[in-house]
Number of protein chains: 2
Amino acid sequence: MNIPQREVRSITYPASHVFRGALLGTGQISVYHLRAWSQIKGVEIVALANRTIEKALARADEFGISPDHVYSDHRELLEGEDLDFVDIATLPDVHRVQVEDAAAQGVNVLCQKPMAPSMEDAQAMVEACDHAGVLFSINENWRWRTWYRDLKRLVEEGAVGKPKYIRIVRHTNLTVPRPGESLPEFFKDQPYIMNMERLILYEWGIHLIDVMRFLFGEVNWVFARMDRTSPISIGEDRAYITMDVGGVNCLVDISWGSIGVEKRESQLEQVTLEGNQGSIELLPDEADMLRISNHEGSRTQPAFTGTSDDAYQASYTAAQAHFIGCLREGREPETAARDNIRTLGAMFASYESAAENNVIHLQNADS
Amino acid sequence: MNIPQREVRSITYPASHVFRGALLGTGQISVYHLRAWSQIKGVEIVALANRTIEKALARADEFGISPDHVYSDHRELLEGEDLDFVDIATLPDVHRVQVEDAAAQGVNVLCQKPMAPSMEDAQAMVEACDHAGVLFSINENWRWRTWYRDLKRLVEEGAVGKPKYIRIVRHTNLTVPRPGESLPEFFKDQPYIMNMERLILYEWGIHLIDVMRFLFGEVNWVFARMDRTSPISIGEDRAYITMDVGGVNCLVDISWGSIGVEKRESQLEQVTLEGNQGSIELLPDEADMLRISNHEGSRTQPAFTGTSDDAYQASYTAAQAHFIGCLREGREPETAARDNIRTLGAMFASYESAAENNVIHLQNADS
């Protein structure tokens with residue numbers, strides 16, 4: 001992987017500056033983005049764009065944005081508005097053109113995962129933003145979930161000694177379409193998913209690869225298996241990945257087609273993290289508790305405060321607030337695109353591994 | 001793998017025949033063997049041998065065997081006794097010589113897993129028994145555990161549709177020695193374990209490979225990782241194996257050094273088996289229940305009847321009774337050594353995979 005060199009931007013903004021942003025893409029997920037922006041001080045969302053303009057107009061109405069600033073074309077939006085940043089929440093296939101167009105206008109970019117449908121696109125996007133001198137970060141909210149922050153802090157405090165192993169499991173039920181049954185919500189809301197050749201890992205599991213990188217460092221190699229349960233949607237709805245991340249054995253085991261396995265709805269994955277001195281577990285089936293066990297004994301605490309919905313929204317807000325903080329202070333975001341391209345690379349390597357039934361080693365030239 | 005051809009023995013015994021057996025090796029596990037023999041009709045254990053004769057004498061006393069029939073050398077036993085079979089419960093390193101010596105005397109053999117420390121030894125053992133025309137079976141009791149029998153029956157009845165995936169997890173706590181602490185029971189009883197270069201998979205996890213083969217057929221390939229938590233014992237105390245067994249994605253995830261993870265003692269592994277129509281779970285943390293979930297709903301039942309100790313003993317009794325039944329009727333045991341050599345091969349392939357960090361394909365020439 002040829003990762004572009006880090007370029008630290010030197011622009012900073014005064015504390016009083018109110019960032020003018022626009023949202024590209026007003027699909028299902030945009031509600032969480034807009035709620036988050038409404039909760040972050042010093043940010044105003046002034047415009048929206050969406051291919052189907054009716055959706056954008058409805059979203060604008062919902063969030064008090066004037067219909068005069070709603071567009072069906074992102075280029076018209078970029079030309080018609082005076083912006084500090086765009087928040088890109090469209091499908092990956094259009095990320096590259098939208099990022100390059102924003103960069104060409106000198107507009108900073110926060111872009112939804114997955115960054116791009118290929119490494120070539122992703123590298124071109126990073127280079128375009130570097131060339132334009134704009135900040136380019138990926139909206140990777142999972143590493144902002146409070147329980148993963150807690151996990152990282154606990155590991156750094158030595159709660160488990162040297163980390164050896166982590167297993168993250170999430171098997172859900174009836175998320176994929178089945179013959180003779182009505183479409184699950186997830187597919188009703190996002191019908192394009194039915195025809196995605198890359199499905200559960202590309203659309204969702206990439207979050208867990210990023211979490212592993214957040215916790216332990218760089219991915220040295222991956223070995224992955226993909227499988228499909230639904231006879232209707234065409235992409236993989238199961239993925240089992242073994243990774244070496246910073247010397248830790250990492251297992252990611254996800255499925256959307258596990259009939260009867262999921263017992264309750266939770267924002268939490270089943271996580272077992274073990275070190276040579278103790279372990280930490282996230283327990284969705286035990287009232288969303290986090291359990292820390294070591295030689296001092298075992299204690300549990302809630303994995304998050306408030307409702308599960310609050311926790312879900314909070315990770316968006318934290319991820320977006322981080323972007324604004326970095327933009328204001330001229331800092332490199334931890335989810336900078338030049339870093340996140342490694343998460344993307346590990347995701348593509350997983351598909352390659354599954355296709356070739358072999359271990360794929362990653363070159364992290366910059367690490 | 002060059003697997004010897006099947007030779008069906010034609011010898012049968014009348015229903016009234018009482019099989020005269022001897023037990024080689026009177027260590028910790030021998031209690032379960034002897035209890036099992038005492039429960040199987042038409043069997044009499046007439047002699048014992050053990051390198052440390054005091055242990056054999058104590059065992060003989062415990063099970064009502066005359067001290068005149070206790071030996072420190074298995075050859076003296078084989079020469080001094082009139083036997084139908086030997087039950088070999090010694091360490092793997094001496095299996096070959098003991099099996100070959102028994103075969104040379106025309107004595108049938110039931111031998112503890114792992115069969116041998118190398119494939120070469122195992123093949124030589126199978127050939128020696130074929131040449132002598134004696135039955136040679138491996139005492140693989142896990143596939144006789146009632147819950148794995150139930151799992152197989154349920155799958156065959158179509159409870160989950162087409163099987164896609166199975167995950168078997170067993171992480172236990174404080175099973176490996178730790179600095180500044182007294183030795184765990186397991187090591188006190190079997191101190192040689194401390195210096196075994198191959199540990200958790202060789203000594204214990206091989207059962208789970210055999211269970212996978214019992215459930216789904218032949219192992220097509222393995223990818224394995226090994227790790228160690230104990231700074232004292234030298235072998236791996238963690239193993240994570242991905243296998244394709246008869247087209248089913250199989251994950252075996254075992255550890256002896258997981259501090260705080262094990263919540264209760266149970267004979268049950270955590271098992272999640274999923275097909276395209278449903279799932280079956282074994283739930284050690286939920287009162288040892290077996291749960292079947294499919295379109296007809298979800299139901300639970302106890303994974304076994306009686307106490308956990310009863311269930312443990314019962315799998316020995318069932319495995320040994322199967323051997324006697326096959327011996328009596330001239331049938332091929334399902335755990336015949338010529339079959340079990342494939343379980344052994346998948347186990348060695350796992351070590352090779354971990355050492356080379358690569359996928360190892362198995363040749364099952366006979367399948």
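Through how many residues does a hairpin join β11(A) to β12(A)? The hairpin between β11(A) and β12(A) runs through two residues.

## Basis of the model

This is a predicted model, in which local features need pLDDT of at least 70 and side-chain atom pairs count only at pLDDT 80 or more, while totals for chains, interfaces and linings use all residues. Residues are numbered from 1 along each chain as its sequence is written, chains are lettered from A and ligands numbered from 1 in the order in which they are written, and side-chain values use heavy atoms, with hydrogens and water left out.

## Chain A overall

Chain A contains ten helices and 15 strands (DSSP runs numbered from the N terminus: helices are H or I with at least four residues, strands are E with at least two). Its radius of gyration is 20 Å, close to the 21 Å of the globule rule for 367 residues, so chain A is as compact as a globular protein of that length (the radius is taken over C-alpha atoms, and the rule is 2.2 Å times the number of residues to the power 0.38). The C-alpha trace of chain A spans about 60 × 55 × 45 Å along its principal axes.

Of the 367 residues in chain A, 63% are buried (under 20% relative accessible area, with exposed over 50% and partly exposed in between; 1.4 Å probe, protein chains only).

## Strand β12 of chain A

Strand β12 of chain A covers residues 278-283; six of the six are buried, so the strand is largely enclosed by the rest of the structure. In a regular strand the side chains alternate between the two faces of the sheet. From β12(A), A:Gly278, A:Ile280 and A:Leu282 point one way, and A:Ser279, A:Glu281 and A:Leu283 the other.

## Its partners

Strand β11 of chain A (residues 270-275) pairs antiparallel with β12(A) over four bridges (two strands pair if DSSP finds at least two bridges between them). A:Thr272 has A:Glu281 in β12(A) as its bridge partner.

With β13 of chain A (residues 289-294), β12(A) pairs antiparallel over six bridges. Here the bridge partner of A:Leu283 is A:Met289. The hairpin of β12(A) and β13(A) has five residues between the strands, and A:Ala287 takes a positive phi near 60 degrees in this hairpin.

## The sheet in chain B

In chain B, nine strands form an open sheet of mixed pairing, in the order β14-β13-β12-β11-β7-β10-β9-β8-β15. Its edge strands, β14 (297-302) and β15 (360-361) of chain B, each pair on one side only. Strand β13 of chain B (residues 289-294) runs antiparallel to β14(B), joined by six bridges; B:Met289 has B:Pro302 in β14(B) as its bridge partner.
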